Amino acid sequence: MLTESIYNNLLLAFKGNFNEKSKSYYRIQQILYEELMTHKEPTYEYKDLDELYYHFYELFGINFQKTKSGNREQNKVAVRHFFFYQARIVFGNRYTLVNLGKFLKLDHTSVIHALNSVKTKLILNDHLITDVANKWNEYNTNRKIKKQLN
């Protein structure tokens, strides 16, 4: 199983053989990252998609279920894509791509695009996705602390 430390060590090893801006290095980085994310154990911090969605809505204030057409504002798209990404991390394969898409009235190909987009943007350190990810991680950390205090 690929762990985060093995992932980082492999990237360091490949850095010596490839230019960091080359397509080959980028592709290796992408493959390793996909492998790392694919084999992480589901966390089940949330009981279902509704609960996960509730927390996304509470944090970001964006209600995707009310919009019938896909909203294309960049910040909303980043949050929607990150929702799918988190659902995949939290629930693993408990929900199919079709089920995830139906949850927000989208096609499964939109879910595939969202997952690939987030993976790529995290690797490239895209500011919109990293801002959403940082805000989400901070929110979850605070939530866990509050839970432990109660």
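**Figure 1. The protein chain reads α-α-α-α-α-α-α along its sequence.** In this predicted model, the secondary structure comes to seven helices and zero strands. Buried residues make up 39% of the 150 residues in the chain. Look at contacts with a separation of 6 or more, and 66% of them join residues 24 or more positions apart.

Figure 2. Over the protein chain the average is 79, with 67% of the residues scoring at least 70.

**Figure 3. Helix H7 and its buried residues.** Buried here are Ile129, Thr130, Val132, Ala133, Trp136, Tyr139, Asn140 and Arg143. What do these buried residues of H7 pack against? They go up against H3, helix H4 (74-91) and helix H6 (108-123).

**Figure 4. Zooming in on H3 (residues 49-60) against H7 (residues 127-149).** The two helices pack at an angle of about 110°, and their axes sit 11 Å apart. Since 65 to 115 degrees counts as roughly perpendicular, that is what H3 is to H7. On the H3 side, the residues making contact are Glu51, Leu52, His55, Phe56, Glu58, Leu59 and Phe60; on the H7 side they are Val132, Lys135, Trp136, Tyr139 and Arg143. Sorted by class, this contact has seven nonpolar, one polar and four charged residues.

Conventions
Residues numbered from 1 in each chain as written. Predicted model: local features only at pLDDT ≥ 70, side-chain atom pairs only at ≥ 80, totals over all residues. Heavy atoms only, no water. Axes fitted to C-alpha atoms, helices over the stretch in contact; angles between N-to-C directions. Helix = DSSP H or I, 4+ residues; strand = E, 2+ residues; numbered from the N terminus. Parallel < 35°, antiparallel > 145°, perpendicular 65-115°, else oblique. Contact = heavy atoms within 4.5 Å. Nonpolar A, V, L, I, M, F, W, Y, C, P; charged D, E, K, R; others polar. pLDDT = per-residue confidence, 0-100. Buried < 20%, exposed > 50% of the residue type's maximum accessible area, 1.4 Å probe, protein only.
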